[in-house]
Amino acid sequence: MNRILIVDDEPNILLSLEFLFKKEGFQVLIARDGEEALELIEQSTPKVVILDIMMPKVDGYEVCQHLKKNHEEVKVIFLTAKSKEQDIEKGKNIGADLYLTKPFSTKNLLNQVKALIN
Amino acid sequence: MFSNVTVILFSFGYLALLFAIAYLTERSSFKNKKLSSNPVIYSLSLAVYCTAWTYYGSVGRAASNGLEFLTIYIGPSLIAPLWWLVMRKIIRISKVQRIASIADFISSRYGKNISLGSIVTLFCLLGIIPYISLQIKAVALSFDILQSPLAGFQENAAPFFQDTAFYLALGLALFTILFGTRNIEATAQHEGLVMTIAFESLFKLLAFLVVGVFVSYFIFDGVAEIFSQAAERGFDNLFVLQGEHGVSEWFWMSMLSMMAILFLPRQFQMGVIENTQERHLNTAMWLFPLYLLLINLFVLPIALGGLVTFGWGNVDADTFVLALPISVGQDWLAMLVYLGGFSAATSMIIVASIALSTMVSNNLVMPLLLLNHNFQKRNQHHFSNILIWSRRFSILAIILSSYIYYRIVGAQFSLVSIGLISFVAIAQLAPAILGGIYWKEGSRVGALTGILVGFVLWFYTLVVPTIISAGYLPHSIMTEGPFGLSFLIPVSLFGFKEMSYITHGLFFSLLPNFFCYLFISAISKQTSKEHNQAAVFVDIFKYSTILDSSIIWKGQAYIRDLKSLLANFLGEVKTQEAMQQYVDVSGKRVDDKIKADPEFVNYAERLLTGIIGSASARIMVASVVKEEEISMTEVLDMLKETQELKHLNEELQEKSEALRQATNSLQKMNQSLIENDKLKDEFISTVTHEMKTPITSIRAFSEILQDEDLPEEDRNRFLGIIIQETDRMTRMIDQVLDLERFDSGKQELEFQPVDLSILLLEACDSMAQVFKDRKIKLDIELDLHHSLINAHEDRVKQVILNLLSNAAKFASAEVCLRAFLVNGQVIVEVLDDGKGVPEEDIPYIFDKFYQAKNQTSKKPIGSGLGLAISKKIMDYHQGSIKMERKGNHTCFQLIFPAIENKSSHNINSENEQNTHSR
């Protein structure tokens with residue numbers, strides 16, 4: 001079973017993503033901020049993490065850095081409204097496998113995640 | 001007595017000692033420059049003023065004229081306090097203009113004129129050579145007495161090659177050449193020489209004091225005894241102020257010696273050229289008069305003692321100093337006295353011949369040679385050699401001519417009279433020099449006329465009588481006047497018989513000199529160069545710092561030409577050094593290819609002036625510079641300009657300071673503009689970022705809704721979310737537009753009296769559901785007595801709702817809304833028990849850019865724009881909004897000005913004063 005962790009502070013975005021991935025047969029974990037995400041990662045390491053960047057307490061960059069350091073095998077996808085070129089550059093430098101911007105196409109997101117897993 | 005050989009041995013031994021002092025000083029001066037640069041040494045070296053004339057002649061004069069001998073020491077002592085004014089000015093001018101002699105000084109002041117410098121040099125030679133010969137005479141005289149004291153002075157009949165004085169003269173010439181012409185720069189200081197002169201001054205003083213003490217306390221029984229014995233023998237007329245012509249005599253003699261101490265070439269050499277620091281004058285001002293006092297202390301006792309011992313007329317009074325020790329068999333004391341006199345004579349001969357040789361080479365030889373263009377071309381690479389050898393040859397020539405003068409003429413006169421005649425000759429320079437440094441109008445023609453007239457009259461009144469008495473002219477001139485014109489008798493012009501010979505000569509030469517200088521200067525016109533120099537001399541303390549830029553000069557020259565010119569005199573190495581110094585000081589570039597600016601030309605000219613004198617330097621520089629004549633008005637304008645420039649510069653500095661301040665504040669303004677601009681950018685980026693959130697949800701759910709298999713329940717739920725997010729989007733757009741309207745001042749609010757209690761209750765009503773959903777208790781405490789505020793109802797409600805919704809968001813259990821009156825102000829507070837805003841963010845929470853400004857990737861607390869808009873609204877109401885922590889609560893406080901207290905029976909609400917709880 002493919003385990004996926006979705007991290008976002010917007011309840012409605014979380015809801016839509018949870019719905020989408022459950023329907024595709026993923027085991028979905030959700031976190032409302034970075035802190036929660038880090039806890040969940042330690043409890044049950046997911047295959048893929050979909051990460052917002054701007055969140056209270058611990059931001060997406062820190063979560064990504066932690067993952068790349070401690071759980072290299074976990075794929076990280078940034079899904080953020082930050083769409084400036086230097087933001088994308090920074091996200092890739094930090095080690096993200098994918099950088100997608102909001103608003104996003106659900107089909108594209110699903111395809112990308114599947115491609116990443118295989 | 002001593003044999004010829006012994007005396008000669010001692011004389012040359014003393015000379016050898018001088019050589020040793022000079023040599024050792026110059027050698028050690030490389031290690032320690034300070035040795036000769038000492039105020040005491042400087043003061044002692046000034047005592048070159050006291051020659052053999054002082055040493056022997058004062059006693060002679062005291063024996064015949066009593067206290068009158070003092071006049072020539074009173075003058076210098078009286079004027080010494082004024083040195084700080086006059087001497088310092090002359091020193092400053094000479095250093096700045098690199099002046100090497102008194103002739104140079106005068107020629108430089110009056111437009112660097114060749115003829116003036118040459119004439120002054122010639123007259124100095126005429127005036128000083130007899131004076132030098134006088135010293136040779138004194139040495140020869142004392143030499144003879146030491147060998148055969150009883151024979152007295154005899155006409156020197158021996159041929160010169162058997163005359164010891166001749167060989168002594170040659171020895172002195174050698175010494176002077178060796179230590180006086182080492183450096184090609186005439187302005188360079190001669191450390192060895194200065195030390196030697198200081199030593200000689202000390203030596204002659206000690207020798208004279210020793211003989212004075214011996215005569216007073218060993219031959220006689222104290223000074224009082226001498227005086228009483230002298231009085232017994234009828235010499236008491238010498239004790240008091242007297243003389244044929246009394247007070248006026250004293251006055252003129254003091255005046256004469258005042259000028260002598262300043263302008264005698266040897267005094268100028270020691271006092272000005274060899275001066276290393278102006279402040280040495282401070283010491284010299286008291287030490288030099290003290291020296292004069294000491295050396296004159298025993299003059300009268302010795303003179304009277306001599307008269308008592310030998311009687312009147314039996315022994316030449318000029319030789320009392322020697323004769324007294326010899327008469328009591330103190331041969332070795334006599335030898336010391338002889339050497340003291342020898343030192344007084346040699347120091348004068350050495351310094352005077354150096355000073356004169358500089359004048360001769362710089363003001364006679366060089367200008368004559370340089371005016372000849374062929375010579376200039378042929379010898380341009382040997383200039384420095386020619387110069388130094390001309391100076392050496394001059395020294396030899398001067399000393400030898402003095403010797404010849406002594407052999408032919410000098411033997412016939414007493415020591416004092418020749419000295420005084422020299423003094424009067426030098427005094428002729430006084431009007432031109434003193435006028436030159438204090439009176440800008442003093443002109444070249446005036447100075448030249450004055451000096452010429454003065455010298456002609458000097459010659460006629462003082463020299464002609466000596467020629468007559470030597471038998472070269474008919475004696476009738478002295479009794480009947482030339483061609484029988486009795487008013488032209490040299491010693492009593494226009495029948496003036498009241499004055500002594502010297503005073504008469506001084507009066508009739510100096511006064512016409514002075515008036516010619518004044519009158520002709522007043523009516524003649526200065527050239528531009530002259531005026532420039534005049535201004536520099538008179539205002540030296542103003543110009544010495546900005547001198548280079550104040551020199552007027554117009555023309556064209558190449559630096560390369562000037563450099564090769566300098567190299568001819570200085571040599572390559574020194575020229576390079578001088579260039580480097582110029583670059584260091586001026587900060588300007590010196591490039592062979594570029595044209596020289598006036599400052600550089602002037603610098604080069606001053607360098608040359610130090611070597612060959614101002615007039616010659618001018619000729620040399622003119623040979624490579626294509627100079628244009630500048631008009632008088634230009635000169636005046638430019639001089640005025642330099643002074644104005646200084647003033648202007650100060651003003652400019654003030655202005656630039658003000659400008660700098662303005663720039664600073666402009667920069668600050670610009671900085672804040674940039675900051676604002678940046679904030680605006682960030683604000684836009686934040687707003688658009690925030691807007692993407694609802695759009696993302698809307699899009700995601702819309703795509704999900706495309707799936708036709710979706711259960712009805714989910715479908716409805718997701719549609720609800722889409723509508724909710726659309727509302728959020730609309731709200732955000734409204735807020736941004738709101739803020740924009742408030743910011744730009746386009747927002748207009750119409751105010752009307754509003755009962756705040758009702759408004760607050762309505763707001764609470766509309767928020768009731770939110771609180772209920774979040775399970776948060778809302779307490780309401782109103783104590784307003786239906787106070788009215790002037791307000792825009794909807795906007796105020798917007799603020800209250802914003803605060804309530806924020807509170808609902810962050811409270812953990814309860815929120816309290818309360819309102820009350822304090823001092824006619826309506827206060828509304830919303831408190832929640834949430835964690836609150838971090839301390840450091842409190843000052844920024846009402847800032848619309850707050851979010852953006854402190855933006856990191858961490859999401860800020862709050863909705864973003866609500867508080868900023870609330871603050872704007874409160875501002876419109878002349879109210880205020882602030883936030884603080886009150887205990888465990890976050891408290892937002894609104895303050896409105898109240899308009900009036902509405903009578904409580906008008907609106908009678910149950911809610912009033914109630915604690916409303918939900």
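How many residues of chain A are in contact with residues of chain B? Show both chains and you will find 20 residues of chain A touching 16 residues of chain B; contact here means that C-beta atoms, placed from the backbone, lie within 7 Å.

Before you click further, a word on the model. It is a predicted one, in which local features need pLDDT of at least 70 and side-chain atom pairs count only at pLDDT 80 or more, while totals for chains, interfaces and linings use all residues. Residues are numbered from 1 along each chain as its sequence is written, and chains are lettered from A, ligands numbered from 1, in the order in which they are written.

**Stop 1: the side of chain A that touches chain B**

Select H1 and helix H3 (60-70) of chain A, the elements that give two or more residues to this side. Helices (H or I, at least four residues) and strands (E, at least two) are DSSP runs, numbered from the N terminus. H1(A) provides the largest share, five residues. By class, the side holds 11 nonpolar, four polar and five charged residues. Here Ala, Val, Leu, Ile, Met, Phe, Trp, Tyr, Cys and Pro count as nonpolar, Asp, Glu, Lys and Arg as charged, and the others, Gly among them, as polar.

**Stop 2: a strand pair in chain A**

Next, pick strands S1 (residues 3-7) and S2 (residues 27-31) of chain A, which run parallel and are joined by five bridges; strands pair if DSSP finds at least two bridges between them. Follow the chain from S1(A) through helix H1 (residues 11-23) to S2(A), and you trace a right-handed β-α-β crossover. Right-handed means that, with the strands pointing away from you, the path from the first strand over the helix to the second runs clockwise. Within the pair, A:Val7 stands opposite A:Ala31.

**Stop 3**

Most residues other than glycine have a negative phi, and most peptide bonds are trans. Now go to A:Pro103, in the loop between strand S5 (98-101) and helix H5 (106-117) of chain A. The peptide bond from A:Lys102 to A:Pro103 is cis, with omega near -10°.

In chain B, select B:Asn823, in the loop between strands S6 (814-822) and S7 (825-832). This residue is not a glycine, yet its phi is positive, about 50°. B:Asn823 counts as exposed because it has 6 C-beta neighbours inside 10 Å. The cut-offs are 20 or more other C-beta atoms within 10 Å for buried, 12 or fewer for exposed, and partly exposed in between, with C-beta atoms placed from the backbone.

**Stop 4: inside chain B**

Zoom out to chain B, with its 36 helices and 10 strands. Of its 918 residues, 45% count as buried. Select B:Ser58 in helix H3 (residues 52-65) of chain B; this serine is buried, with 27 other C-beta atoms within 10 Å. Leaving aside residues up to four places away in sequence, B:Ser58 touches B:Phe69, B:Asn296 and B:Val299. B:Ser58 and B:Asn296 are 238 residues apart in sequence, but 8.2 Å apart in space, C-alpha to C-alpha.

Finish at the largest nonpolar core, where B:Ile106, B:Phe263, B:Ala303 and B:Val424 touch the most other members of its 200 residues. Helix H16 (residues 331-371) of chain B gives the most, 22 residues. Such a core is a set of buried Ala, Val, Leu, Ile, Met, Phe, Trp, Tyr and Cys residues joined through C-beta atoms within 7 Å. Click B:Ala303 to find contacts including B:Val59 and B:Phe320.

Conventions. Two residues are in contact if their C-beta atoms, placed from the backbone, lie within 7 Å.
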